[in-house]
Amino acid sequence: MAQPSGRVPTRTCVVCRERRDRDALLRIVRTPEGQVIFDRSGRMNGRGAYVCGDADHFAGISKSATPRSGALDTGRLRHALKINIDDSTAKQLNEAITSYRSE
C-alpha cells in the first residue's frame with residue numbers, strides 16, 4: 001500500500017522521546033523467540049523499539065546505571081521491549097549498532 005504524498009512516517013526514540021522520521025532511527029527488536037537483536041532492515045517480526053543514531057544516546061544515560069562509554073541505555077530499552085536485557089545481549093547490540101553506524 002503506497003503512502004499518501006507528503007506523509008512521512010515518524011517514530012519516537014525510547015531514549016530521548018523525540019519524534020523523528022523513521023529512516024533516521026535505528027530499530028531494535030524482541031523476536032517472537034525472545035531474542036533481542038538490531039534490525040538493520042526495519043521490517044523484522046516482533047516487538048520493536050526505536051533509538052536515535054546519535055552518539056549521545058549510547059552513553060548509558062539511565063539514572064540507575066553508571067555512565068559507560070558507548071553503552072546503550074538498556075533500562076529504557078528493557079521497558080519498551082518488555083524483556084530483561086543481560087550484559088552480553090547489550091554488548092552484542094552495541095557492537096552491531098557501532099558497526100552499522102561506521103559503514
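This is a predicted model: local features need pLDDT of at least 70, side-chain atom pairs count only at pLDDT 80 or more; totals for chains, interfaces and linings use all residues.
Local features require pLDDT of at least 70 and side-chain atom pairs count only at pLDDT 80 or more, whereas totals for chains, interfaces and linings use all residues. Residues are numbered from 1 along each chain as its sequence is written, and side-chain values use heavy atoms, with hydrogens and water left out.

**Overall fold**

- The protein chain contains two helices and five strands, taken as DSSP runs numbered from the N terminus (helices: H or I, at least four residues; strands: E, at least two).
- Along the sequence these elements follow the pattern β-β-β-β-β-α-α.
- Of the 103 residues of the protein chain, 32% count as buried, that is, under 20% relative accessible area with a 1.4 Å probe and protein chains only.
- Among contacts (heavy atoms within 4.5 Å) with a separation of 6 or more, 46% are made by residues 24 or more positions apart.

**Helix 1**

- In helix 1 (residues 74-81), the buried residues are T74, L77, A80 and L81.
- They lie on the same side of helix 1, because they cover an arc of only 125 degrees around the axis, judged by the directions from the helix axis to the C-beta atoms.
- The cover over these buried residues includes strand 3, strand 4, strand 5 (47-52) and helix 2 (87-102).

**Nonpolar core**

- The largest nonpolar core has 19 residues, of which V14, I28, V51 and L77 touch the most other members; such a core is a set of buried Ala, Val, Leu, Ile, Met, Phe, Trp, Tyr and Cys residues joined through side-chain atoms within 4.5 Å.
- Two or more residues of this core come from each of strand 3, strand 4, strand 5, helix 1 and helix 2.
- Strand 5 supplies the largest share, four residues.

**Largest pocket**

- The largest pocket has a volume of about 270 Å³ (the space filled by probe spheres set on grid points joined across faces, edges and corners).
- A pocket here is an open set of points on a 1 Å grid over the protein atoms alone, where a 1.4 Å probe fits, with protein on both sides within 12 Å along at least five of seven lines; lining residues have an atom within 4 Å of a point.
- Its lining comprises 14 residues, and R22, L25, R40, S41 and G42 lie nearest the centre.
- Strand 3 (25-30) and strand 4 (36-39) are the elements that give two or more residues to this lining, with strand 3 giving the most, three residues.
- By class, the lining has six nonpolar, two polar and six charged residues, where Ala, Val, Leu, Ile, Met, Phe, Trp, Tyr, Cys and Pro count as nonpolar, Asp, Glu, Lys and Arg as charged, and the others, Gly among them, as polar.

Definitions and conventions: Buried means under 20% relative accessible area, exposed over 50%, partly exposed in between (1.4 Å probe, protein chains only).
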